[in-house]
Amino acid sequence: MKKKNQTRLLTKQEAIDDRKWFVLDASGKTLGRFASHVAKILRGRHKVTYTPHVDCGDGVIIINANKIKVTGAKEAQKIYRYHTGAMSGLREVPYRIMKDRHPEYIIRNAVAGMLPQSRLASQLLKKLRIFAGDKHDMQAQNPI
């Protein structure tokens, strides 16, 4: 029997049935603030039925990823590092070059850092679609 003010937890199927897709435009937005907003939508923290251990968030489609901004001197100083797996295989790519080559990676990396470091995060990131230009091919999801 449910009490009046008892918290209601979602089941996995209820969360899937209630899923929506949002289109967000990244042009002129600050990277960190925009990424935290996207992470909040992916987790479902904008809903009253938020349940921490269930993937109850919505899908996000980001357009104009190549027009994202950073503040201060980050454009000259920020470096993305990855390792190839070979000996002395650490590679460093400056922000400007990464923005020219893979602007989607910049936003995906920022959002991934703001999600919990667990298996749930990889499940949430599957609902994130990023496009460099202003066109997207996700019309079937009926985005808002």
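Reader: Is Lys47 buried or exposed?

Author: First, note that this model is predicted. To judge burial, look at relative accessibility; under 20% means buried. Lys47 has 16% relative accessibility, so Lys47 counts as buried.

Reader: Where is Lys47 placed?

Author: Find the elements on either side. Lys47 sits in the loop between helix H2 (31–43) and strand S2 (59–63).

Reader: What does Lys47 touch?

Author: Skip residues up to four places away in sequence. Lys47 then touches Asp18, Cys56 and Asp58. With Asp58 there is also a polar contact, side chain to side chain, at 3.0 Å.

Reader: Which residues have the most contacts inside the largest nonpolar core?

Author: Start with the general idea. In soluble globular proteins, nonpolar side chains tend to be buried together. Here, the largest nonpolar core has 30 residues. Leu31, Val38, Val60, Ile62, Ile107, Val111 and Leu128 have the most contacts inside it.

Reader: Which element gives the most to this core?

Author: Helix H2 does, with seven residues.

Reader: What is Leu31 in contact with?

Author: Again, set aside neighbours within four places in sequence. Leu31 contacts Ile68, Lys69, Val70, Lys78, Tyr80, Ile106, Ile107 and Ala110.

Reader: Which residues of H5 are buried?

Author: In helix H5 (103–113), they are Pro103, Ile106, Ile107, Ala110 and Val111. Now look down the helix axis. The buried residues of H5 fall within an arc of 120°, so they line one face of the helix.

Reader: What do the buried residues of H5 pack against?

Author: Their partners are H2, S2, strand S3 (79–83), H4, H6 and S5.

Note on methods
Residues numbered from 1 in each chain as written. Predicted model: local features only at pLDDT ≥ 70, side-chain atom pairs only at ≥ 80, totals over all residues. Heavy atoms only, no water. Helix = DSSP H or I, 4+ residues; strand = E, 2+ residues; numbered from the N terminus. Buried < 20%, exposed > 50% of the residue type's maximum accessible area, 1.4 Å probe, protein only. Polar contact = N/O pair within 3.5 Å; in protein donor to acceptor, adjacent residues only side chain to side chain. Contact = heavy atoms within 4.5 Å. Core = buried A, V, L, I, M, F, W, Y, C linked by side-chain atoms within 4.5 Å. Arc of directions from axis to C-beta.
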